[in-house]
4 protein chains.
Amino acid sequence: MKYSFKNDYSELCHPELLDALQKASNEQNAGYGLDKHSDAAKNLIKEKLECDQCDIHFVTGGTQANASVISHILRPYEAVLSCSTGHINVHETGAIEATGHKVYTLPGIDGKLTVAEIEAALKYHQDEHMVKIGMVYISQSTEIGTVYNKAELKALYDFCKENHLYLYIDGARLSSGLAASDVDFNQLKDLCDVMYIGGTKIGMLSGEAIVFFNDQLKSYFRYHIKNKGAMLAKGYVVGIQFEAAFKDDLYFKMGRHENELAGFLSNELKELGIPLLSESPTNQIFPIFSKEQVKKLQELYAFEIWEPMEDKIAIRFVTSWATTKEVCIELIEDIKALIQ
Amino acid sequence: MKYSFKNDYSELCHPELLDALQKASNEQNAGYGLDKHSDAAKNLIKEKLECDQCDIHFVTGGTQANASVISHILRPYEAVLSCSTGHINVHETGAIEATGHKVYTLPGIDGKLTVAEIEAALKYHQDEHMVKIGMVYISQSTEIGTVYNKAELKALYDFCKENHLYLYIDGARLSSGLAASDVDFNQLKDLCDVMYIGGTKIGMLSGEAIVFFNDQLKSYFRYHIKNKGAMLAKGYVVGIQFEAAFKDDLYFKMGRHENELAGFLSNELKELGIPLLSESPTNQIFPIFSKEQVKKLQELYAFEIWEPMEDKIAIRFVTSWATTKEVCIELIEDIKALIQ
Amino acid sequence: MKYSFKNDYSELCHPELLDALQKASNEQNAGYGLDKHSDAAKNLIKEKLECDQCDIHFVTGGTQANASVISHILRPYEAVLSCSTGHINVHETGAIEATGHKVYTLPGIDGKLTVAEIEAALKYHQDEHMVKIGMVYISQSTEIGTVYNKAELKALYDFCKENHLYLYIDGARLSSGLAASDVDFNQLKDLCDVMYIGGTKIGMLSGEAIVFFNDQLKSYFRYHIKNKGAMLAKGYVVGIQFEAAFKDDLYFKMGRHENELAGFLSNELKELGIPLLSESPTNQIFPIFSKEQVKKLQELYAFEIWEPMEDKIAIRFVTSWATTKEVCIELIEDIKALIQ
Amino acid sequence: MKYSFKNDYSELCHPELLDALQKASNEQNAGYGLDKHSDAAKNLIKEKLECDQCDIHFVTGGTQANASVISHILRPYEAVLSCSTGHINVHETGAIEATGHKVYTLPGIDGKLTVAEIEAALKYHQDEHMVKIGMVYISQSTEIGTVYNKAELKALYDFCKENHLYLYIDGARLSSGLAASDVDFNQLKDLCDVMYIGGTKIGMLSGEAIVFFNDQLKSYFRYHIKNKGAMLAKGYVVGIQFEAAFKDDLYFKMGRHENELAGFLSNELKELGIPLLSESPTNQIFPIFSKEQVKKLQELYAFEIWEPMEDKIAIRFVTSWATTKEVCIELIEDIKALIQ
């Protein structure tokens, strides 16, 4: 097999992060995220967010982050509202429900929730015989590679604030999502109550940074992540990586790199007349091939089968921080050979 | 501050493990623990356990491992029995109860459960108005540094089997625990139903290996760890470390090293007439100093305050894979100066 | 207000049940459902089911029954499949999710699940990144008054058995549901794994009888209902009522009575040219009136607003064991006056 | 068997309550506790509490009340503190833990918690590695028949308020508890944040009235009881009974009656030289007999075996609203014959 476009977590981590870990290998550091590297990382993130007052916590994985944040925010009878394609609804094996909460889903448009739908859902939930909608979950980028633009995010958050809903952004692929939208990192503080900055899918060994902007949600979250098994004894392992990724622009560079290569693939495919399932500006693209073409392509490359369609198949190519232009060019050449 | 004896997770990881990570940094690996390194690590562990049929799963932390295993085994109305000093009872912020289960505690002797106590507890729980005791949780070494010897473990497990209880060993410090007991690693398969081999506290960045010996408990555990937020996208990060630690004797060497230095400290302290709170053969020791001595010692070293006693204080020194003989000698010298 | 057609639980209980309670008022009875009346009631139900081997448990309410049964059957990572209109999905304020389980929904047809949909759902759920579908929940009659016929139930249950899914029937309105279908009470043992026989909505003060047919699900259910707060100290209060309702045909008579009156209303409305939202053969019917007509009708009768439609409104009339022919005739007369 | 002293829920309900139900049997009432009887009952209770501002909710059973209240008050990482003999710790089959919360226990004195113990427990719980103590659970009367006097309750509640703990009183046997203490019903509003007034063990078919005094705890509790399966469709069944029990002094009369008969038994037993396990002023008493005597007594009466002691056995006699002086005299005569 030449290369895997299966996902953006096939490679260990960016060399600069591994170097940073290497450099710290003779240190002793305090446990549970109370170390100097975690502090430094938090300060760097706060600087780039232009937000002194937020609270930041490092955990290991996205499902952990989602389950911890959502169960921290909601009361037992409250539900989280998600697009039906949302990661918490489809791909977390009931992790949110395991904390006691319904994931209430809406169809969305292009993988994104709209204010109109949420408004209708709130009207439908009027009394104690139905769950109370307590918060809204979205992701940037979404599960199908699309992004919310600034106006959309602002409209969502304004509506949430008016209606006593908390807005939470799952940023598993935040770097790629931001690079493809008109939303700047330092604007996020005004566009949601809480988010997480994904590391696992953006060049780290593992690690996500949960950021609380809303003061009302901050209290006792350290108790909560311990209660959910998400507190790391060696919190500094994640802290060191975030410190290195945010010291200069590395975190954002990786997202831009991913999008550029995915954009290159996307354009080349279109020129070759290969249809795409959706118009994704981020690091996931969904070309549609015949079954036979897919079979042949599988001999050379790894990728996800996304959606079987009558006699065709939509597949998914994901680019990562480690994907090179060369391998992308080679892929296109191989596809050219395939379709002739 | 000269050195921290506060815990065994102050240092990043053993250099051989970091090397192994470095070597894999240009690879692409499959996600979710389905990669070649995880496979190799599992095979190495199975070899050393002399047990082909066990199932092994890697997760990031001890609380995660405990909550995942316990909630996998128990039915909703069942409780886990633990020594009152047990980690799941005292230091996991209700993580087990968060999965819906009572931690039923017994006082134990020297941090260890006895068959007699468990038998009495079972007699006390006779009908549906009380929880059903479904399993027994112990750790090797225990929270206070003691170890179960082989006869004790065998008696416990025999009793558990006769009484339809599952026995689970928390091996957060298994390497140190085994090095101090007459139990061999390859005997564990006959002494419990499930255990975890701790990595975070034994020289790894993070990572624990859950091992199911009992066939009845194996099914669908991958679903369960995903449901509990404990499945790592980059499972190979843990796999690579376990592969390196079990390729030769490294995992066991680290435990022996810890115990040797703790034993050295223990002996020296006794010779100096410093009383110890308990007779611990593992890497945690609990000397008793006057309040004033503790205060002066805190200027030079970091350590846990374990138990305030009238006019004295029991403190805890923990040695790690990275602790050197030199720093231990220096500590003893400083204590000598202190008590003169 | 002349009369409430709002639901079938507006009246205390059938006089024969109140008499039975009165007769037992000087007795002493054992607690927790271990009394002679509960035993007698269970035997009567078993006789009518022609099923000696089933296990029967009395609880107070439908949500309790559903939450207890579903959380008893499922493992933590498993979901229950329901029609999107299902009571557990819409009207239980997240009670199933509160026990840790996802309610996975399918649109259904006429409020009923089809084998084809379930088959597709199973195909979609193939690995540990998604919940495992563990059981199927249906109700007889459904939330919108329709019923499964015998062939439909058999097809569902056959499919479930082939695919290792448990089938559970919510019988909140079982008496009315059976009276409107070709399914006999004694055939239910071969058409599902577990069900509950509703009392609260069929003439009792409160009380539901959970019936386990499948041996694999029977163990320790008494522990489970206690764990879910559903075990009654005075279990005999429910036992006495079920004894009286099943001594002769009373339970089934009440359902037939309800359906007859609802059928009368349905026919009369059709003759008056009033459209009905659905073709319901049971005790719930859904006529569609203009907004103005609804407003006027509300001055005379109580009923639920079911579904606002452009310029019309679908409302719900429910008949109960206590509804009389006279009041139904009067309602029709009032509607006649209204629409002229 | 002559009579059962096994518990105070062996008899259906007080005749006045059954009469009240009978009288309402031709009415139609609104569902879910939103009916005129529930309103009237709440008003009567508020009058007797001299507290207009409290919120009252009716549920069916004690475990339900406890689980609903406790999980409503606590955040996920918080624990409820209870005496180790507390009902929620021993006799609810893990129902509190099933809602995700640890029951943290203290030994207490005579079944009652002391301020000193709670203070020590708070000191012990200082950081996020241990549960946060969020509330204190006590019962009046306690599991072993003792009562808190007013000074004790005040001291507890003062301490709780100073330390941001909520105080909850389980009043399963409140009528008997108050009758034996110097605490008046109308003083309870100043002695706790929330309590429940027990009906099942005090002459009702079933039913408990949860009373929230503290404004901070009131919001959305109707959602919460629905979420926990504790909302009754026919809420008026409980409302009617509480209305009848509180219209005049019936509820309090029943408790006094129980205590008088238990006191009579207690005194007579002492005169006969039969030792009592504890000094209980309420409706539960714990005489100690030889094994042989117990065996003979079991031929005539039903009662609980409370605590096996070397060669003797402590048993429990409970008097109820329905117990007569005659049967108590007969019991004493039979015991006289037994011990001669």
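Copies are superposed here by least squares on the C-alpha atoms of residues with pLDDT of at least 70 in both. This is a predicted model: local features need pLDDT of at least 70, side-chain atom pairs count only at pLDDT 80 or more, and totals for chains, interfaces and linings use all residues. Residues are numbered from 1 along each chain as its sequence is written, chains are lettered from A in the order in which they are written, and side-chain values use heavy atoms, without hydrogens and water.

**View 1. Chain A and chain B are related by a rotation.** A 180° rotation with 0.0 Å of shift along its axis places chain A on chain B, at RMSD 0.0 Å. That is the relation of a two-fold axis. Both copies use the same surface: 100% of the contact residues of chain A recur in chain B. Contact means heavy atoms within 4.5 Å.

**View 2. Chain D meets chain C.** Each side is counted in residues: 39 from chain D and 39 from chain C. About 3,500 Å² is buried between them, with 54% from carbon and sulfur atoms. Buried area is the accessible area (1.4 Å probe) that two parts lose on being put together, summed over both. Leu12(D), Gln28(D) and Lys234(D) supply 20% of the area that chain D buries against chain C, more than any other three residues.

**View 3. Polar contacts cross between chain D and chain C.** The count is 30 residue pairs, both at pLDDT 80 or more. A polar contact is a pair of N or O atoms within 3.5 Å; within protein, one must be able to donate a hydrogen and the other to accept it, and residues adjacent in sequence count only if both atoms are side-chain atoms.
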